Amino acid sequence: MTTVTVNASTSYDIIIGRDLLKNTGELCAEVLKPCKLCIVTDDTVASLYLETVEASLCASGFDTMRFIFSHGEESKNTHTLVELLEFLAASGLTRSDCLIALGGGVVGDLCGFAAAVYMRGIKFVQIPTTLLAAVDSSVGGKTAVDLRAGKNLMGAFHQPTRVICDYLTLDTLTPEIFADGCAEVIKYGVINDKDFFEIFKKGIKENIEEVIARCVANKRDIVEKDEFDSGKRQLLNLGHTIGHAIELLSDFTITHGSAVSIGMVIVTRAAVNTGLCPKEDLELLLDTLNRASLPVECNFSAEELASAALLDKKRSGGSITLVVPYALGDSRLVKTPVDKLCEFISKGLEGA
Ligand SMILES: NC(=O)c1ccc[n+]([C@@H]2O[C@H](COP(=O)([O-])OP(=O)(O)OC[C@H]3O[C@@H](n4cnc5c(N)ncnc54)[C@H](O)[C@@H]3O)[C@@H](O)[C@H]2O)c1
Ligand SMILES: [Zn+2]
(Lines give C-alpha, C1' and ligand atoms only; values in the text may rest on other atoms or scores of the structure.)
(Ligands and ions follow the chains in the order given, each with its own letter.)
Protein backbone atom coordinates (compact mmCIF):
# COMPACT_ATOMS: atom_id res chain seq x y z
CA MET A 1 0.00 0.00 0.00
CA THR A 2 1.24 3.49 -0.81
CA THR A 3 -0.02 6.79 0.59
CA VAL A 4 0.43 10.12 -1.17
CA THR A 5 -0.58 13.24 0.76
CA VAL A 6 -1.91 16.32 -1.01
CA ASN A 7 -1.62 19.69 0.73
CA ALA A 8 -3.97 21.91 -1.25
CA SER A 9 -6.49 24.30 0.37
CA THR A 10 -7.38 21.20 2.36
CA SER A 11 -5.08 18.29 3.02
CA TYR A 12 -5.96 14.69 2.15
CA ASP A 13 -4.45 11.28 1.55
CA ILE A 14 -4.57 9.17 -1.57
CA ILE A 15 -4.36 5.52 -0.53
CA ILE A 16 -3.22 3.19 -3.31
CA GLY A 17 -3.29 -0.57 -2.93
CA ARG A 18 -4.52 -3.92 -4.21
CA ASP A 19 -7.91 -5.21 -3.10
CA LEU A 20 -8.71 -2.20 -0.92
CA LEU A 21 -12.44 -2.03 -1.64
CA LYS A 22 -13.24 -4.53 1.09
CA ASN A 23 -11.58 -2.13 3.57
CA THR A 24 -13.51 0.93 2.36
CA GLY A 25 -15.36 1.20 5.69
CA GLU A 26 -12.20 1.35 7.82
CA LEU A 27 -10.46 3.70 5.41
CA CYS A 28 -13.46 6.04 5.53
CA ALA A 29 -13.80 5.78 9.30
CA GLU A 30 -10.26 7.18 9.63
CA VAL A 31 -11.45 10.49 8.19
CA LEU A 32 -15.23 10.57 8.75
CA LYS A 33 -17.39 10.51 11.85
CA PRO A 34 -20.39 8.13 11.76
CA CYS A 35 -22.79 9.66 9.21
CA LYS A 36 -25.04 9.01 6.24
CA LEU A 37 -23.10 8.14 3.09
CA CYS A 38 -24.56 8.24 -0.39
CA ILE A 39 -22.60 6.06 -2.81
CA VAL A 40 -22.82 7.56 -6.29
CA THR A 41 -21.90 5.22 -9.14
CA ASP A 42 -22.85 4.17 -12.66
CA ASP A 43 -24.68 0.98 -13.62
CA THR A 44 -21.57 -0.82 -14.92
CA VAL A 45 -19.48 -0.14 -11.84
CA ALA A 46 -22.45 -0.85 -9.56
CA SER A 47 -22.79 -4.36 -10.96
CA LEU A 48 -19.11 -5.06 -10.29
CA TYR A 49 -18.20 -3.30 -7.04
CA LEU A 50 -21.13 -1.66 -5.27
CA GLU A 51 -21.95 -4.58 -2.98
CA THR A 52 -18.39 -4.89 -1.68
CA VAL A 53 -18.16 -1.18 -0.94
CA GLU A 54 -21.58 -1.01 0.64
CA ALA A 55 -20.99 -4.07 2.84
CA SER A 56 -17.69 -2.68 4.09
CA LEU A 57 -19.19 0.74 4.88
CA CYS A 58 -22.14 -0.83 6.71
CA ALA A 59 -19.82 -3.05 8.72
CA SER A 60 -18.00 0.10 9.87
CA GLY A 61 -21.27 1.57 11.10
CA PHE A 62 -22.10 4.00 8.28
CA ASP A 63 -25.68 4.46 7.18
CA THR A 64 -25.47 4.01 3.39
CA MET A 65 -27.68 4.74 0.42
CA ARG A 66 -27.02 4.47 -3.30
CA PHE A 67 -27.56 6.60 -6.38
CA ILE A 68 -26.92 4.78 -9.66
CA PHE A 69 -27.05 6.40 -13.10
CA SER A 70 -26.38 5.10 -16.65
CA HIS A 71 -22.70 4.91 -17.53
CA GLY A 72 -21.14 7.24 -20.06
CA GLU A 73 -20.30 10.89 -20.63
CA GLU A 74 -23.93 11.50 -21.78
CA SER A 75 -24.98 11.23 -18.12
CA LYS A 76 -22.56 13.90 -16.88
CA ASN A 77 -25.14 16.65 -17.19
CA THR A 78 -27.39 18.97 -15.21
CA HIS A 79 -30.29 16.52 -15.42
CA THR A 80 -28.42 13.75 -13.56
CA LEU A 81 -26.98 16.36 -11.21
CA VAL A 82 -30.39 17.68 -10.18
CA GLU A 83 -31.76 14.13 -9.81
CA LEU A 84 -28.88 13.40 -7.47
CA LEU A 85 -29.32 16.61 -5.47
CA GLU A 86 -33.06 15.97 -5.11
CA PHE A 87 -32.32 12.42 -3.99
CA LEU A 88 -29.88 13.67 -1.35
CA ALA A 89 -32.41 16.17 -0.05
CA ALA A 90 -35.26 13.63 -0.02
CA SER A 91 -32.99 11.20 1.85
CA GLY A 92 -32.33 13.83 4.49
CA LEU A 93 -28.58 14.20 4.00
CA THR A 94 -27.23 17.09 6.06
CA ARG A 95 -24.06 19.16 5.92
CA SER A 96 -22.28 16.65 8.13
CA ASP A 97 -22.96 13.74 5.75
CA CYS A 98 -20.81 12.67 2.83
CA LEU A 99 -20.85 11.35 -0.75
CA ILE A 100 -18.76 8.51 -2.15
CA ALA A 101 -17.80 8.65 -5.83
CA LEU A 102 -17.34 5.04 -6.95
CA GLY A 103 -16.33 4.89 -10.61
CA GLY A 104 -14.43 6.57 -13.40
CA GLY A 105 -13.98 10.23 -14.18
CA VAL A 106 -17.64 10.72 -15.07
CA VAL A 107 -18.81 9.56 -11.65
CA GLY A 108 -16.01 11.47 -9.88
CA ASP A 109 -16.71 14.75 -11.69
CA LEU A 110 -20.49 14.58 -11.25
CA CYS A 111 -20.45 13.39 -7.65
CA GLY A 112 -17.70 15.86 -6.74
CA PHE A 113 -19.70 18.74 -8.18
CA ALA A 114 -22.84 17.62 -6.34
CA ALA A 115 -20.77 17.56 -3.13
CA ALA A 116 -19.47 21.05 -3.92
CA VAL A 117 -22.94 22.54 -4.24
CA TYR A 118 -25.22 20.46 -2.00
CA MET A 119 -25.97 22.69 1.01
CA ARG A 120 -23.05 24.88 -0.14
CA GLY A 121 -20.62 22.02 0.10
CA ILE A 122 -20.33 18.67 1.85
CA LYS A 123 -17.49 16.15 2.00
CA PHE A 124 -16.86 13.48 -0.59
CA VAL A 125 -14.53 10.52 -0.98
CA GLN A 126 -13.20 9.41 -4.36
CA ILE A 127 -12.92 5.72 -5.19
CA PRO A 128 -11.56 5.72 -8.76
CA THR A 129 -12.08 2.55 -10.81
CA THR A 130 -10.55 3.55 -14.17
CA LEU A 131 -6.87 4.23 -14.78
CA LEU A 132 -7.72 7.77 -15.93
CA ALA A 133 -9.63 8.45 -12.73
CA ALA A 134 -6.86 6.90 -10.60
CA VAL A 135 -4.06 9.00 -12.08
CA ASP A 136 -5.89 12.16 -13.05
CA SER A 137 -9.51 13.06 -12.35
CA SER A 138 -9.75 11.83 -8.73
CA VAL A 139 -6.89 14.10 -7.66
CA GLY A 140 -6.79 17.87 -7.69
CA GLY A 141 -10.33 18.93 -6.91
CA LYS A 142 -11.71 19.85 -10.31
CA THR A 143 -15.36 18.81 -10.48
CA ALA A 144 -17.90 19.50 -13.21
CA VAL A 145 -20.82 18.55 -15.38
CA ASP A 146 -21.24 19.25 -19.10
CA LEU A 147 -23.56 21.82 -20.62
CA ARG A 148 -25.06 21.54 -24.11
CA ALA A 149 -22.49 24.13 -25.22
CA GLY A 150 -19.51 22.08 -24.12
CA LYS A 151 -17.76 19.79 -21.68
CA ASN A 152 -17.15 20.74 -18.04
CA LEU A 153 -18.70 24.18 -18.41
CA MET A 154 -20.44 24.05 -15.02
CA GLY A 155 -18.03 23.21 -12.26
CA ALA A 156 -16.24 24.02 -9.05
CA PHE A 157 -12.99 23.37 -7.26
CA HIS A 158 -13.78 21.00 -4.40
CA GLN A 159 -11.11 18.74 -2.92
CA PRO A 160 -12.02 15.21 -1.79
CA THR A 161 -11.60 14.18 1.85
CA ARG A 162 -9.79 11.00 0.85
CA VAL A 163 -9.01 9.03 -2.30
CA ILE A 164 -9.09 5.24 -2.10
CA CYS A 165 -7.53 3.66 -5.15
CA ASP A 166 -7.91 -0.12 -5.41
CA TYR A 167 -6.05 -1.01 -8.59
CA LEU A 168 -7.50 -4.53 -8.62
CA THR A 169 -10.60 -2.85 -10.09
CA LEU A 170 -8.58 -1.96 -13.20
CA ASP A 171 -8.55 -5.66 -14.14
CA THR A 172 -12.15 -5.45 -15.37
CA LEU A 173 -11.53 -2.50 -17.72
CA THR A 174 -11.59 -3.16 -21.46
CA PRO A 175 -8.10 -2.95 -23.05
CA GLU A 176 -9.23 0.26 -24.83
CA ILE A 177 -10.25 2.03 -21.62
CA PHE A 178 -7.03 0.91 -19.93
CA ALA A 179 -4.97 2.21 -22.88
CA ASP A 180 -6.83 5.52 -22.68
CA GLY A 181 -5.60 5.95 -19.11
CA CYS A 182 -2.05 5.06 -20.22
CA ALA A 183 -2.01 8.23 -22.36
CA GLU A 184 -2.48 10.32 -19.20
CA VAL A 185 0.18 8.26 -17.40
CA ILE A 186 2.74 8.83 -20.16
CA LYS A 187 1.80 12.52 -20.18
CA TYR A 188 3.31 12.94 -16.69
CA GLY A 189 6.63 11.56 -17.97
CA VAL A 190 6.66 14.03 -20.86
CA ILE A 191 5.74 16.96 -18.60
CA ASN A 192 8.40 16.68 -15.94
CA ASP A 193 9.58 13.14 -15.22
CA LYS A 194 11.94 11.67 -17.81
CA ASP A 195 13.02 8.81 -15.50
CA PHE A 196 9.41 7.59 -15.56
CA PHE A 197 10.16 6.26 -19.07
CA GLU A 198 12.38 3.58 -17.49
CA ILE A 199 9.31 2.19 -15.74
CA PHE A 200 7.23 2.45 -18.92
CA LYS A 201 9.84 0.20 -20.57
CA LYS A 202 9.21 -2.41 -17.89
CA GLY A 203 5.43 -2.13 -18.39
CA ILE A 204 2.71 0.10 -16.95
CA LYS A 205 0.45 -2.76 -15.88
CA GLU A 206 3.31 -4.74 -14.37
CA ASN A 207 4.24 -1.80 -12.14
CA ILE A 208 0.81 -0.36 -11.57
CA GLU A 209 1.12 0.65 -7.90
CA GLU A 210 4.32 2.57 -8.51
CA VAL A 211 2.90 4.07 -11.70
CA ILE A 212 -0.26 5.38 -10.02
CA ALA A 213 1.67 6.68 -7.02
CA ARG A 214 4.14 8.50 -9.22
CA CYS A 215 1.41 10.05 -11.40
CA VAL A 216 -0.56 11.35 -8.44
CA ALA A 217 2.60 12.66 -6.77
CA ASN A 218 3.38 14.51 -10.01
CA LYS A 219 -0.13 15.89 -10.23
CA ARG A 220 -0.03 16.78 -6.52
CA ASP A 221 3.18 18.78 -7.01
CA ILE A 222 1.59 20.78 -9.81
CA VAL A 223 -1.78 21.25 -8.08
CA GLU A 224 -0.15 22.39 -4.82
CA LYS A 225 1.58 25.19 -6.70
CA ASP A 226 -1.46 26.23 -8.72
CA GLU A 227 -4.67 24.79 -7.27
CA PHE A 228 -6.96 27.16 -9.15
CA ASP A 229 -5.43 26.72 -12.60
CA SER A 230 -4.05 30.13 -13.39
CA GLY A 231 -0.53 29.10 -14.39
CA LYS A 232 1.55 25.97 -13.90
CA ARG A 233 -1.47 23.65 -13.76
CA GLN A 234 -1.90 24.29 -17.48
CA LEU A 235 1.07 21.94 -17.99
CA LEU A 236 -1.41 19.13 -17.39
CA ASN A 237 -3.01 20.10 -20.71
CA LEU A 238 -0.04 18.66 -22.59
CA GLY A 239 -1.38 17.04 -25.77
CA HIS A 240 -4.89 18.20 -24.92
CA THR A 241 -5.32 21.30 -27.11
CA ILE A 242 -4.68 19.27 -30.25
CA GLY A 243 -6.23 16.19 -28.60
CA HIS A 244 -9.54 17.98 -28.09
CA ALA A 245 -9.44 19.10 -31.72
CA ILE A 246 -8.95 15.47 -32.81
CA GLU A 247 -11.85 14.28 -30.63
CA LEU A 248 -14.08 16.97 -32.11
CA LEU A 249 -13.06 16.37 -35.75
CA SER A 250 -13.59 12.61 -35.35
CA ASP A 251 -17.07 13.20 -33.91
CA PHE A 252 -15.75 11.58 -30.73
CA THR A 253 -15.08 8.26 -32.47
CA ILE A 254 -11.43 8.73 -31.45
CA THR A 255 -11.35 8.37 -27.66
CA HIS A 256 -9.89 10.98 -25.33
CA GLY A 257 -6.73 8.99 -24.48
CA SER A 258 -6.06 8.15 -28.13
CA ALA A 259 -6.51 11.80 -29.09
CA VAL A 260 -4.18 12.95 -26.31
CA SER A 261 -1.61 10.41 -27.48
CA ILE A 262 -1.68 11.80 -31.02
CA GLY A 263 -1.71 15.37 -29.64
CA MET A 264 1.44 14.69 -27.60
CA VAL A 265 3.18 13.30 -30.66
CA ILE A 266 2.24 16.34 -32.78
CA VAL A 267 3.54 18.90 -30.26
CA THR A 268 6.68 16.87 -29.62
CA ARG A 269 7.42 16.47 -33.32
CA ALA A 270 6.78 20.19 -33.87
CA ALA A 271 9.30 20.89 -31.10
CA VAL A 272 11.83 18.54 -32.75
CA ASN A 273 11.29 20.09 -36.19
CA THR A 274 11.79 23.60 -34.82
CA GLY A 275 15.03 22.59 -33.10
CA LEU A 276 13.68 22.79 -29.53
CA CYS A 277 13.63 19.11 -28.60
CA PRO A 278 16.10 16.26 -29.32
CA LYS A 279 14.92 13.78 -31.97
CA GLU A 280 15.65 10.73 -29.81
CA ASP A 281 13.08 11.98 -27.30
CA LEU A 282 10.38 11.80 -29.97
CA GLU A 283 11.51 8.27 -30.82
CA LEU A 284 11.30 7.20 -27.18
CA LEU A 285 7.83 8.75 -26.89
CA LEU A 286 6.60 6.98 -30.04
CA ASP A 287 7.97 3.68 -28.83
CA THR A 288 6.33 4.11 -25.41
CA LEU A 289 2.93 5.01 -26.87
CA ASN A 290 3.09 2.11 -29.32
CA ARG A 291 3.83 -0.29 -26.51
CA ALA A 292 0.80 1.04 -24.62
CA SER A 293 -1.35 0.26 -27.73
CA LEU A 294 -2.03 3.96 -28.35
CA PRO A 295 -2.29 5.54 -31.82
CA VAL A 296 0.33 8.10 -32.83
CA GLU A 297 -1.13 9.65 -35.97
CA CYS A 298 -4.37 10.81 -37.55
CA ASN A 299 -5.57 11.90 -40.97
CA PHE A 300 -6.59 15.47 -40.19
CA SER A 301 -4.76 18.40 -41.82
CA ALA A 302 -2.97 21.15 -39.91
CA GLU A 303 -5.70 23.60 -41.01
CA GLU A 304 -8.48 21.35 -39.68
CA LEU A 305 -6.66 20.77 -36.41
CA ALA A 306 -5.87 24.45 -35.88
CA SER A 307 -9.41 25.66 -36.49
CA ALA A 308 -10.90 22.96 -34.25
CA ALA A 309 -8.33 23.75 -31.54
CA LEU A 310 -9.31 27.41 -31.62
CA LEU A 311 -12.87 26.52 -30.66
CA ASP A 312 -11.37 25.28 -27.38
CA LYS A 313 -12.17 27.28 -24.25
CA LYS A 314 -8.46 27.62 -23.35
CA ARG A 315 -7.98 30.36 -25.92
CA SER A 316 -7.40 33.78 -24.39
CA GLY A 317 -7.48 36.87 -26.60
CA GLY A 318 -5.22 36.66 -29.63
CA SER A 319 -3.10 33.79 -28.32
CA ILE A 320 -3.32 30.22 -27.14
CA THR A 321 -1.08 28.61 -24.54
CA LEU A 322 0.52 25.42 -25.80
CA VAL A 323 2.47 22.95 -23.70
CA VAL A 324 5.67 22.23 -25.60
CA PRO A 325 8.25 19.57 -24.66
CA TYR A 326 11.76 21.07 -24.87
CA ALA A 327 12.84 17.54 -23.95
CA LEU A 328 11.03 14.62 -22.37
CA GLY A 329 10.56 15.74 -18.77
CA ASP A 330 10.97 19.43 -19.59
CA SER A 331 7.67 20.72 -20.96
CA ARG A 332 7.00 24.45 -20.90
CA LEU A 333 4.05 26.77 -21.43
CA VAL A 334 4.43 28.66 -24.70
CA LYS A 335 2.06 31.47 -25.58
CA THR A 336 1.44 31.14 -29.30
CA PRO A 337 -0.32 33.77 -31.44
CA VAL A 338 -3.49 32.32 -32.92
CA ASP A 339 -2.27 32.97 -36.47
CA LYS A 340 0.91 30.92 -35.84
CA LEU A 341 -0.91 27.83 -34.55
CA CYS A 342 -1.48 26.26 -37.94
CA GLU A 343 2.21 26.67 -38.85
CA PHE A 344 3.23 25.03 -35.56
CA ILE A 345 0.87 22.09 -36.11
CA SER A 346 2.17 21.63 -39.69
CA LYS A 347 5.65 21.23 -38.22
CA GLY A 348 4.19 18.52 -36.02
CA LEU A 349 2.86 16.62 -39.02
CA GLU A 350 6.03 17.00 -41.13
CA GLY A 351 7.90 13.76 -41.70
CA ALA A 352 5.34 11.71 -39.80
N1 LIG B 1 -11.65 16.40 -12.82
C2 LIG B 1 -10.56 16.28 -13.54
O3 LIG B 1 -9.50 16.81 -13.20
C4 LIG B 1 -10.61 15.45 -14.78
C5 LIG B 1 -9.41 15.11 -15.42
C6 LIG B 1 -9.49 14.29 -16.54
C7 LIG B 1 -10.72 13.83 -16.99
N8 LIG B 1 -11.86 14.19 -16.34
C9 LIG B 1 -13.18 13.68 -16.79
O10 LIG B 1 -13.18 12.27 -16.64
C11 LIG B 1 -14.14 11.73 -17.55
C12 LIG B 1 -13.55 10.50 -18.20
O13 LIG B 1 -13.26 9.55 -17.21
P14 LIG B 1 -13.17 7.99 -17.54
O15 LIG B 1 -12.32 7.79 -18.73
O16 LIG B 1 -12.83 7.30 -16.28
O17 LIG B 1 -14.65 7.66 -18.05
P18 LIG B 1 -15.91 6.94 -17.39
O19 LIG B 1 -16.12 7.33 -15.99
O20 LIG B 1 -17.04 7.14 -18.33
O21 LIG B 1 -15.49 5.40 -17.42
C22 LIG B 1 -15.33 4.75 -18.68
C23 LIG B 1 -16.22 3.51 -18.75
O24 LIG B 1 -15.63 2.49 -17.93
C25 LIG B 1 -16.61 1.91 -17.08
N26 LIG B 1 -15.91 1.49 -15.88
C27 LIG B 1 -15.44 2.26 -14.88
N28 LIG B 1 -14.70 1.52 -14.02
C29 LIG B 1 -14.74 0.25 -14.49
C30 LIG B 1 -14.14 -0.97 -14.05
N31 LIG B 1 -13.34 -1.00 -13.00
N32 LIG B 1 -14.37 -2.08 -14.78
C33 LIG B 1 -15.14 -2.04 -15.90
N34 LIG B 1 -15.70 -0.91 -16.37
C35 LIG B 1 -15.50 0.21 -15.67
C36 LIG B 1 -17.63 3.00 -16.87
O37 LIG B 1 -18.89 2.47 -16.53
C38 LIG B 1 -17.64 3.69 -18.23
O39 LIG B 1 -18.52 3.04 -19.10
C40 LIG B 1 -14.50 12.83 -18.51
O41 LIG B 1 -15.80 13.29 -18.24
C42 LIG B 1 -13.48 13.92 -18.23
O43 LIG B 1 -13.99 15.22 -18.46
C44 LIG B 1 -11.82 14.98 -15.25
ZN1 LIG C 1 -7.08 14.07 -20.41
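What percentage of the 352 residues of the chain count as buried? The figure is 49%, where a residue is buried if 20 or more other C-beta atoms lie within 10 Å of its own, exposed if 12 or fewer do, and partly exposed in between, with C-beta atoms placed from the backbone.

Before I continue, a note on the model and its conventions. This is a predicted model, in which local features need pLDDT of at least 70 and side-chain atom pairs count only at pLDDT 80 or more, while totals for chains, interfaces and linings use all residues. Residues are numbered from 1 along each chain as its sequence is written, and chains are lettered from A and ligands numbered from 1 in the order in which they are written.

Let me begin with the overall form. The C-alpha atoms occupy a box of roughly 60 × 40 × 35 Å along the principal axes. The radius of gyration of the chain is 20 Å, which agrees with the value near 20 Å for a compact globule of 352 residues; the radius is taken over C-alpha atoms, and the globule rule is 2.2 Å times the number of residues to the power 0.38. The chain holds 13 helices and twelve strands. Helices (H or I, at least four residues) and strands (E, at least two) are DSSP runs, numbered from the N terminus. Of the contacts between residues at least 6 apart in sequence, 74% join residues at least 24 apart, a contact being two C-beta atoms, placed from the backbone, within 7 Å.

I turn to the domains. Domain 1 covers 2-172 and domain 2 covers 175-349, with bounds from an automatic or database domain assignment. Their centres, taken over C-alpha atoms, are 27 Å apart.

Next, the ligand. Which residues are closest to ligand 1? They are Thr-44, His-71, Gly-104, Gly-105 and Ser-137, within a shell of 29 residues. Helices H2 (43-59), H4 (105-117), H5 (131-137) and H6 (175-192), along with strand E8 (150-157), each give two or more residues to this shell. The shell divides into eight nonpolar, 13 polar and eight charged residues.

E8 also has a strand partner. E7 (residues 142-147) runs antiparallel to E8, and five bridges join them; strands pair if DSSP finds at least two bridges between them. Leu-147 has Gly-150 of E8 as its bridge partner, and a hairpin through two residues connects E7 to E8. Five of the six residues of E7 are buried.

In H9 (residues 240-249), nine of the ten residues are buried, among them His-240, Glu-247 and Leu-249. Their cover includes helices H10 (256-273), H12 (302-309) and H13 (341-349), and strand E11 (319-325). Just after H9, Asp-251 takes a positive phi of about 60°. Ala-29, in helix H1 (residues 24-29), is partly exposed because 15 other C-beta atoms lie within 10 Å. Ala-29 lies 28 residues from Leu-57 in sequence and 8.6 Å from Leu-57 in space, C-alpha to C-alpha.

Methods: Near = placed C-beta within 6 Å. Nonpolar A, V, L, I, M, F, W, Y, C, P; charged D, E, K, R; others polar.
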